[in-house]
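Thank you all for coming. Please bring up the sequence and the model on your screens, and I will talk you through some of the helices.

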Amino acid sequence: MRANWQQFTLLVIINAFVGSLVGIERTILPLLAAHDFGLASKTAILSFLISFGLVKALANLLAGRLGDRYGRKRILVAGWLVGLLVSPLIIVAPNWGWVVFANVLLGINQGLCWSTTVIMKIDLVGPRRRGLAMGLNEAAGYLAVSAAALAAGYLATAYALRPQPFLLGTLLALCGLLLSLFGARESQGHARQEARQLQTQAQATPAGTAQTPEQPAPSFWQIVAHVSWRDRTLLAVSQAGLVNNLNDGLSWGLFPLYFAAAGLDAAHIGWLVAAYPAVWGAGQLLTGAISDRLGRKGMISVGMWVQAIGLALMLLTQGFWPWLLGAILLGSGTALVYPTLLAAVSDVTPPDWRASAVGVYRLWRDSGYAIGGLLAGLLADLLSIPWAIGLVALLTFLSGCLAALLMRETLPRPQPSPPPSSATSIASSRP
């Protein structure tokens, strides 16, 4: 990381611009649906989140595969070109269908840009600092989500729900595009160099102690199967990511409506909506690095359980301050989980197809937005918003239990230097 600090820092800044586009929507869109378009059905309101989640999940999958095939920078720039269209479409939208389509484009932007910045940072750092790298990446993105959500709440209170918040979104997207186009450099060569080093180490070990370096790379669908269900650790990681974003989708889509029904104004709603990603983002500055020392498995399980407690507090209390505490707990649990899951995927996948594996994991993780939006909307319409919050809290708790049961520790542990005849290749620990 030290050798590539300038490029790494630039990618952190670019990811902050990626996150800011989502932050504006977290405060505004649920309120916009009810105020400007007169939508009463929670499922209809959350249609923007369902479309966003589905498209972002698929874009993650494509970003990893296309990044392996065509390079990282091209995918990053393409994502920003799509993202430039999002805010203008919402500003001029005559009906809710336009907003849903804008969120299809936002899903493409987030999937391509966020996945690519993750992959580029993994390229630039070695295996000992992956947790720290992911913590810095996700901290920048979600602190920007928080700041943009807070700014959007104040702009909406001082002016209107549109166009002012989305004019800010257009400016942020333009900045992200210019930095990616003129500042970011291709990083795929770093991954290829790491793969060559692993092959050299494998060839230097005695026969039978390492995988054959000439073994052909798996096909795309073999990678999908490996990450999704064949490897128990990656299965545990993928389900935890999915449930994590399922409860994030609930908080994005229903919390502003939940708080507004209790009589809070847009400014106070903005604070509550911003507190969750602020704690999430700032916490990752520590949790990613801590996972490099303590390991991944325990932090993932505990993080899911803390999120469940935060959701339960939202359900069982009333008022701004108790809800603020619930948002802080929800953000703290997510901070424990988010960079650690990405680091775990990176720990157990070889560099020559790691980007594709990260894409598959992010496919499952961000499909949680769509599943969460659909589940939360249906439950809120059929029962109530509190019922939706309660069920998602239970699912989050059970996900932590599943991670504790299925996952093995993935953090590479330094070994004492053995005699050359008994050395164990790094490649032998790869799945």
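What we have is a predicted model, in which local features need pLDDT of at least 70 and side-chain atom pairs count only at pLDDT 80 or more, while totals for chains, interfaces and linings use all residues. Residues are numbered from 1 along each chain as its sequence is written, and side-chain values use heavy atoms, with hydrogens and water left out.

Let me start with helix α11, residues 232–261; helices here are DSSP runs of H or I with at least four residues, numbered from the N terminus. The expected span of a helix is 1.5 Å times one less than its number of residues, so the 30 residues of α11 should span 44 Å, and the 42 Å between its end C-alpha atoms agrees with that. After the helix comes Gly263, with a positive phi near 100°.

How many residues of α11 are buried? The count is 26 of its 30 residues, so that the helix is mostly covered, where buried means under 20% relative accessible area, exposed over 50%, and partly exposed in between, with a 1.4 Å probe and protein chains only.

Turning to the packing, the axes of α11 and helix α15, residues 354–382, come within 6 Å and cross at roughly 40°; axes are lines fitted to C-alpha atoms, for helices over the stretch in contact, and angles run from 0 to 180 degrees between N-to-C directions. The two helices are therefore oblique to each other, given that angles under 35 degrees count as roughly parallel, over 145 as roughly antiparallel, 65 to 115 as roughly perpendicular and the rest as oblique. The crossing of α11 and α15 is right-handed, meaning that the near helix is turned clockwise from the far one by less than a right angle.

α15 also packs against α16, at an angle of about 140° and with the axes 7 Å apart, and this pair is therefore oblique as well, again with a right-handed crossing. Within α16, residues 385–406, sits Ser399, which counts as buried because its relative accessibility is 3%. The side chain of Ser399 makes a polar contact of 2.9 Å with that of Gln239, a polar contact being a pair of N or O atoms within 3.5 Å; within protein, one must be able to donate a hydrogen and the other to accept it, and residues adjacent in sequence count only if both atoms are side-chain atoms.

Next, helix α6, residues 96–124, has 29 residues and reaches 42 Å from its first C-alpha to its last, close to the 42 Å expected. α6 is mostly covered, with 24 of its 29 residues buried, and Asn95 caps its N-terminal end through a side-chain oxygen 3.0 Å from the backbone nitrogen of Gly97.

Finally, which form does the peptide bond from Arg162 to Pro163 take, cis or trans? This bond is cis, with omega near 10°, and Pro163 is placed in the loop between α7 and α8.
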